[in-house]
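Subject: Structure handover and findings

Hello,

Please find the structure below, with the sequence. My notes on what turned up in it follow.

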Amino acid sequence: MDFDHYLILYVLQALQEVLTGNMGNFKFVHSSDLHLGSPFKGLLGMESSTGNRLLEAGFEAFQNILRICVQNKVDFLLIAGDVFDAEDRGLKAQIRFRDGLAELAEKGIRSFVVHGNHDPLSGWAAQLEWPEGVKIFGDRIETAPVTREGEILCHIQGISYPKADIRENLSRNFKRPPASPFAIALLHANLGTGTGHEPYAPCSIEDLDASGFDYWALGHVHKAGVIRKEKPAIVYPGNPQGLHINESGRHGIYLATVTNGHLTDLSFLPTDVVRWFNLTGESALDISSIETEEELLGLIDAQCEKINTEAEDRSAIVRLELRGRAPLHSHLCRETYLEDLKSALQEKWIHKDSFLFLERIGNNTRLPVNLEAHRKAGDFIAEILELIDQARTSPDFLEALKKEHLSPLYESRLWPPELSPPSESELRDILNEVEILLVDQLIGEEPS
Amino acid sequence: MRIRKIHIEGFGVLHDVSLELSPGMNIMFGSNESGKTTLFEFIHRILYGFPRGRKKKDYNPYASIHKTKTGGRLLLEDEKAGLFSVERYEGENSGDSIVTRADGGKGLEEDLVSILSPITQDMYRDVFAFGVDELRDLQEESLKRFYSAGLGLKNVFVSDVLRLLETRSQEIFKTTRGETSIRKNITKINAIQKEIHGLSLQKDQYDAISLELKKTDEELISIKESHDRSRKQFDHDNLLKKALPLWVELSQSQNELSAIPVLLAFPQQALVRLEKILDRISELENLAKTTAENLSRAKSRFREIHGKLSELSPDIRESPEESLPGLLDADQKDLSMAFVFLSSLNQKKDKMETLEEKKRSLQSQLTMAQMNSAVPLQTAYIPGLIAPLALAITGIAFMSQGLDMLWSFIIVGIAIILSLVHILSTYGKLNDFRKGEDHFAPMRKEIDTYVLAMKTLADEIEQDKSEIATRVKKIGISALPTIEEIENKRIALNRLGSELRDCKKDWENSESSLSNINGNADAARKELAQLLEASQAPDIETFRRLAAQMEKRTRLEETIKSTRKNLMILGFREISPLKDELEKTSLLEIEKRIQDSQVLLESLVKAMNELRQKKGELLEKRRMMELDRIPELRAQKEQALAETEFLGKKWRIYRLAAAILQKAREKYEREKQPRVLQEAGLFFKKMTAGKYHRIGFSPEEKTFLVFDYRDNVKNPILLSRGAREQMYFAIRFGLIRSFESNGIVLPLMTDDILVNFDPERSRGAAQAFMELSQTHQTLFFTCHPETANIFKEFFSDIMIHQL
């Protein structure tokens, strides 16, 4: 489109505004949980070149947010906490964040930021000069009007966490500014229960409902979701970039359009640079009909193709699990077999611009033998299966096993505090693998 | 399975031997070398095949010595497969079995294999077919088989699996010190954490650097300001220093100028002009002098030439100088005329001679012609008349002779024609002769004209001679000169004449240029007088003094102008402030100020450079910090954590697997394995008559244990040889019972196993055999009659095969 076209569009837009008198229409982007500077978690066997690309992913997602703001000519950007990953925030992250918002400010797009449990005000803020047009809320509730040509478009009320551990219901302190054309509340908070996140600044839908705001711009929960569409709209945009295997799928921000004081459109736009794919458990790949290694390679490769399409031109990190009574079971049980398989498949995908990183291939296959026969025969295998069943069903027995056999590692000073000891359910999960290992060792075929 | 019949085609010492066996106990009795062991080995090989591969090449002690095929057949009976025979021969195929069913149908190798399959050849040898040597111990391999056979697993020791799991888990982590992958990872994590901690301490430093940078910037600005001020003063002083000599020159010039009186009018470039005029005058005077000398030289030369001419011509000697040219011209003319007459005279003389010659030739011609004209008349007619006459006679002759009339006429005709022609030509010549007589008259007339012309010429020659004489008389040449004489005289006259004329021309030229030069000199003198008058100088001396004054004035004025211009260039447009400033100071003072400023400026520049460098360093330091390795380190840490977590999970699996396996084994040993050992214990108890009542097994040490009636445990190594053999015998019995419970029943063969048993225990053993033979066909090989008798004690219906 050439300049004339833009001009005509602009004039038409202006005309429309004048004719309908809708000078108060505006757009904004709602984002949260940028976790700038956060490394990807729980990744195995990453080559440093791939690792370096992942280091940038969070920042690139942030750049994507900025681009969306500019492309959609929004009036302002909301960031609902956890801009940074750690209390000490990280210098590079702070500088890049400042630079990004400065870029927006130059284009006349304002930014409103609150801090959350990951980056509370008690953390380190480097000596940086912030551009005008960036509003960082303090530890008291503040209200900032957004104006266009002297006319107030909306009010944004927000508060940052003074420290990480905020357990009080901050939402109750929010009061809708009187005579506001559109009121937005900006807060990092855990809404309801069962979000799977720590209950910081806990609140309920009723609390938010009672406040009289038009839009609750929340942060904290990493999965995007519109909790309520209107009166008030309650929105979690989630983090713009998934950070570990449990944050698989699309990640992005919400683009909101307000017309005549009403939220008329709310669209989710993806910003993730690397997408996670978790094909374990129920999504694991059934290979019970696979007889040869070649078929197996073909199957996994086809799966990678599929993921590559689903990733929509992004890079992908894939955790894969194989399941089923597999003729190849004994092969898979060999020490380095899966590692070799992974490297063989990896070659094809890892060097692309939008790479596909096959992070792990788990083996949850069984010997293609009828364990029931062993159970019935009451032989030694039956004894083992019985004991494993007992561990599955009796928490006491499992606990006793854990205490006796696992405590030397998990209760020692050595075990990194960042890693929690295995939970009961995790232990139950690995019983499958214990079963596979033992059956394979005791009656598995000798590898040819 | 039972063996019904044995047929040996040939095997070692045995050949063509057939035996029918009892389904229960069979005592195979024979003395030494009767072929007991050979038979034992035969059955074994027919069931499991001949040794193959490398073993085959070894010496075969059982090759038939009777030149028959090595091998034979067994008739077998199985509960499931029924009756069938197995036949094998050593040979190309190393004794592939020929299985034939009872109904005559071809059986399959697989049938046999499936019956024997749970029990491998080695295991069969170990448990079902053993001699006294095997009884002494069980090899580790056998032990493993023994044990796993009991557990119903593949050939593995649970303890081996346990150890493997333990090793794997310990590779990952163990409580005791030592390199494990988890410890390695944790060390890495701690190192990364330490580095992160170190780097995060830098955040205060970062802020400090930012503040210091700000301070440095302010300092830099203030120093820059004072530097600029000093620089300005320094530049100004430098200008003053340059202006000072100019100023001094200006002042002096102005003073000098005011001392010189003002001259109102003085011609432009007066002095140059004066010198020019004076030069011209002296030059002209010199020229006049040279010209006058030339004039007098020309005059004396003229006289010299005149003298020479006078010698040539007497005329000239007596004539005045003025008429000389005219005289010369007249002499020249006379000489030319004399020359002309002389030439004409010579021509006439030549003409006279020519005429004389012609007259003489004509006279001789005339004489010749008169003689010639009288001769031809007599001689001309004779030949002309003879020829026709002859012809006419010939013709007539012909006619008279009567010849052809025609030919005669032709000849006569020709004769007539020839006569006519002759007559005509003779008439012509007569005419010519008459005409010659007329020709002699003009010739005589011509001779007369020549004589007349010669007379006239002689008169003219005389006249010319007198003309010449008058012409040359006054020039001093003989009256009748030669051409050379006239020519020589004429050339000499001509040369001197032209010299004289040139000389006269020089004379006249010199006279005229002299008068010109004098005129010019007068004009120059007049110009000089005018110049002096114009500059109001009475004389050249005064003129010169005035001109010098004027020149100095002009120079001073120019100096003033140029110094002002230079000062302006230096930036001093107005003189008075400069004057004020310079009057207050001195060069020394200015130079000192410049020096001071220079020192100050240098120190300021140095300070600025230092600050700039410091700023650069701070910026670099800050930039380095902004590179911020922490995210990278955190990513590394995350990966190490993930690695640790993953290893932890593997470790958990190994540990739990080991725990479960251990528990299962304990339980199995407690609940199931004892059944095998119980059976064995019972046999052992029977054989030892209650001395030992139980057998146990230590999987860790892979050793059996025996318990006496007081339940004291004893290692079998400590047992007597007989007791130990009895224990292993009992263990085999226990295993055979456990296989039986799994549906595996194979014939049992023993080779003199009771040799080390005392009679009491032998009886116990025999009893055990008898019990077992109820279910398992037994072939008991022995060479001791008493052993056979022991069995007879218990059972009367046993079959004893005498070999």
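How many residues of chain A are in contact with chain B, and how many of chain B with chain A? In this predicted model, 42 residues of chain A touch 47 residues of chain B. On the chain A side, α2 (48-55), α4 (91-106), α10 (380-393), α11 (395-410) and α12 (424-443) each contribute at least two residues. The most comes from α12(A), with 8 residues. By class, the chain A side that touches chain B has 28 nonpolar, 7 polar and 7 charged residues.

Chain A: the sheet

Chain A has an open sheet of 6 strands in the order β5-β6-β7-β8-β10-β9, and its pairing is mixed. At the edges are β5 (142-148) and β9 (225-228) of chain A, each of which pairs on one side only. On average, and ignoring direction, neighbouring strands in this sheet are turned by 20° against each other.

Is β7(A) enclosed by the rest of the structure or left open, and why? The test is the number of other C-beta atoms within 10 Å of a residue's own, and a residue counts as buried at 20 or more. In β7(A), 6 of the 6 residues are buried, so the strand is largely enclosed by the rest of the structure. This holds for both faces: A:A183, A:A185 and A:L187 point one way, A:I184, A:L186 and A:H188 point the other way, and all are buried.

The two partners of this strand can be taken in turn. β7(A) pairs with strand β6 (residues 151-158) of chain A in the parallel sense, over 4 bridges. In that pairing A:I156 is opposite A:I184. With strand β8 (residues 215-219) of chain A, β7(A) again pairs in the parallel sense, over 5 bridges. Here A:H188 is opposite A:G219.

The pairing of β9(A) with strand β10 (residues 233-236) of chain A is antiparallel, over 3 bridges. A:R228 stands opposite A:I234 of β10(A).

Chain B: the sheet

Chain B has an open sheet of 5 strands in the order β2-β1-β4-β5-β6, with antiparallel pairing. Its edge strands are β2 (14-20) and β6 (98-101) of chain B; each has a single partner strand, so one side of each is left without a neighbour in the sheet. Neighbouring strands in this sheet are turned by 15° against each other on average, direction ignored. Within the sheet, strand β1 (residues 2-11) and strand β4 (residues 71-78) of chain B are joined in the antiparallel sense by 7 bridges. B:I6 is opposite B:L74 of β4(B).

B:H801 lies in strand β13 (residues 799-802) of chain B. Apart from neighbours within four places in sequence, the contacts of B:H801 are B:L19, B:N26, B:I27, B:M28 and B:F29. B:H801 has 18 other C-beta atoms within 10 Å and is therefore partly exposed.

Chain B: helices

At 1.5 Å a residue, its 31 residues should span 45 Å, and the end C-alpha atoms are 45 Å apart, which agrees. Buried residues in α16(B) include B:F543, B:A547, B:T563 and B:L567. The buried residues of α16(B) pack against α9 (202-259), α10 (270-312) and α15 (483-534) of chain B. After α16(B) comes B:G571, with a positive phi near 115°.

Further along, which way do helix α21 (residues 721-741) and helix α22 (residues 759-773) of chain B run relative to each other? Their axes come within 12 Å and cross at roughly 10°. Angles under 35 degrees count as roughly parallel, and α21(B) and α22(B) are therefore roughly parallel to each other. The contact involves B:G722, B:Q726, B:F729, B:F733 and B:I736 of α21(B), and B:R761, B:A765, B:A768 and B:L772 of α22(B). By class, these are 6 nonpolar, 2 polar and 1 charged residues.

Regards

Conventions: Residues numbered from 1 in each chain as written. Chains lettered and ligands numbered in written order. Predicted model: local features only at pLDDT ≥ 70, side-chain atom pairs only at ≥ 80, totals over all residues. Contact = placed C-beta atoms within 7 Å. Nonpolar A, V, L, I, M, F, W, Y, C, P; charged D, E, K, R; others polar. Pairing = 2+ DSSP bridges. Axes fitted to C-alpha atoms, helices over the stretch in contact; angles between N-to-C directions. Buried ≥ 20, exposed ≤ 12 C-beta atoms within 10 Å, placed from the backbone. Parallel < 35°, antiparallel > 145°, perpendicular 65-115°, else oblique. Expected span 1.5 Å × (residues − 1).
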